[in-house]
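Here is a quick tour for someone meeting this protein for the first time. Have a look at the picture, then read on.

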Amino acid sequence: MESVVTLSPKDAGELFTLQRAAYVTEAQAHEDLYLPPLIESLTDVTTELDKAEVDSFGLRDGAQRLVGAVRVCVLPANVRCAEVGRLVVAPDMQGRGLGSRLLELVEERISEDITELKLFTGEHSVGNLRLYSRFGFQETHRVPTAGGYALVHLSKRVR
């Protein structure tokens with residue numbers, strides 16, 4: 001059973017490695033090696049983990065390896081809305097329900113004031129879209145990218 005951990009700047013190196021490994025399949029699916037999670041620097045990840053408005057947590061396996069993580073940011077323009085981002089699962093651990101567990105944890109851990117969750121993924125991320133739909137997220141709009149695919153934006157009412 002994986003243990004839940006809060007991530008801080010001291011975990012940045014491990015999260016940086018996990019994020020890169022997890023997003024390779026997304027890059028392949030979208031034929032885009034310049035996805036933001038793949039070009040984000042270690043300094044960027046460290047800075048993100050240090051932000052007060054970002055709640056970062058992950059799952060560690062029995063060997064204490066970080067095998068999944070997610071970040072939740074309260075949107076500054078609307079304190080009743082939070083954005084779920086950088087949900088990642090180690091490639092060798094995918095298909096074991098860790099992504100679902102992370103989404104469950106998001107809903108358990110968000111402030112009682114939050115009434116809406118938002119997130120986005122690439123249109124070719126079929127597994128992600130299926131997962132988000134199972135959790136009640138609905139598509140709100142699509143935004144074309146320079147890479148020739150669209151980012152699918154989704155939201156979900158909570159509470």
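## Salt bridges

There are 15 salt bridges in this structure, a salt bridge being a side-chain nitrogen of Lys or Arg within 4 Å of a carboxyl oxygen of Asp or Glu. Side chains of opposite charge can pair when their charged atoms come close. One of these pairs is Arg-109 with Asp-55, whose side chains meet at 3.6 Å, N to O. Arg-109 sits in helix α4 (residues 98-109) and Asp-55 in strand β2, so this pair ties together parts that are 54 residues apart in sequence. Helices (H or I, at least four residues) and strands (E, at least two) are DSSP runs, numbered from the N terminus. Before going further, keep in mind that this is a predicted model: local features need pLDDT of at least 70, side-chain atom pairs count only at pLDDT 80 or more, and totals for chains, interfaces and linings use all residues. Residues are numbered from 1 along each chain as its sequence is written, and side-chain values use heavy atoms, with hydrogens and water left out.

How covered are these two partners? Arg-109 is partly exposed at 31% relative accessibility, and Asp-55 is partly exposed too, at 27%. For these labels, buried means under 20% relative accessible area, exposed over 50%, and partly exposed in between (1.4 Å probe, protein chains only).

Another salt bridge brings together the side chains of Glu-108 and Arg-101, at 3.8 Å from N to O. Glu-108 is exposed, with 55% relative accessibility, while Arg-101 is partly exposed at 26%.

Then there's Arg-142 with Glu-123, a salt bridge of 3.3 Å, N to O. This pair links distant parts of the chain: Arg-142 belongs to strand β6 (residues 138-144), Glu-123 to the loop between β5 and α5 (126-134), and they are 19 residues apart. Arg-142 is partly exposed with a relative accessible area of 42%, and Glu-123 is partly exposed at 27%. Salt bridges that share partners also join Lys-10, Asp-11, Glu-14 and Arg-60 into one network.

## Around strand β2

What does β2 pair with? Strand β1 (residues 3-6) pairs with β2 in the antiparallel sense over four bridges, where pairing requires that DSSP finds at least two bridges between two strands. Along that pairing, Thr-6 stands opposite Phe-57 in β2.

Strand β3 (residues 66-74) is also joined to β2, running antiparallel with seven bridges. Here Gly-58 stands opposite Ala-69 in β3. The hairpin of β2 and β3 has five residues between the strands, and Gln-64 takes a positive phi near 70° there.

## Around strand β7

Now for β7 (residues 150-157): six of its eight residues are buried, so this strand is largely enclosed by the rest of the structure. β5 and β7 pair in the antiparallel sense, with seven bridges, and Leu-117 has Lys-156 in β7 as its bridge partner. β6 and β7 pair antiparallel as well, over six bridges, with Glu-139 standing opposite Leu-154 in β7. Five residues lie between the strands in the hairpin of β6 and β7, where Gly-148 takes a positive phi near 90°.

## A closer look at Glu-116

Glu-116 is found in strand β5 (residues 116-122). Is Glu-116 buried or exposed? At 15% relative accessibility, Glu-116 counts as buried. Its side chain makes a polar contact of 3.5 Å with the side chain of Ser-155. A polar contact is a pair of N or O atoms within 3.5 Å; within protein, one must be able to donate a hydrogen and the other to accept it, and residues adjacent in sequence count only if both atoms are side-chain atoms.

Which residues touch Glu-116, leaving aside its neighbours within four places in sequence? They are Arg-80, Cys-81, Ala-82, Ser-155, Lys-156, Arg-157 and Val-158, with contact meaning heavy atoms within 4.5 Å.

## An exposed spot

Leu-33 lies in the loop between α1 (12-30) and α2 (36-39). Leu-33 is exposed, with a relative accessible area of 63%.
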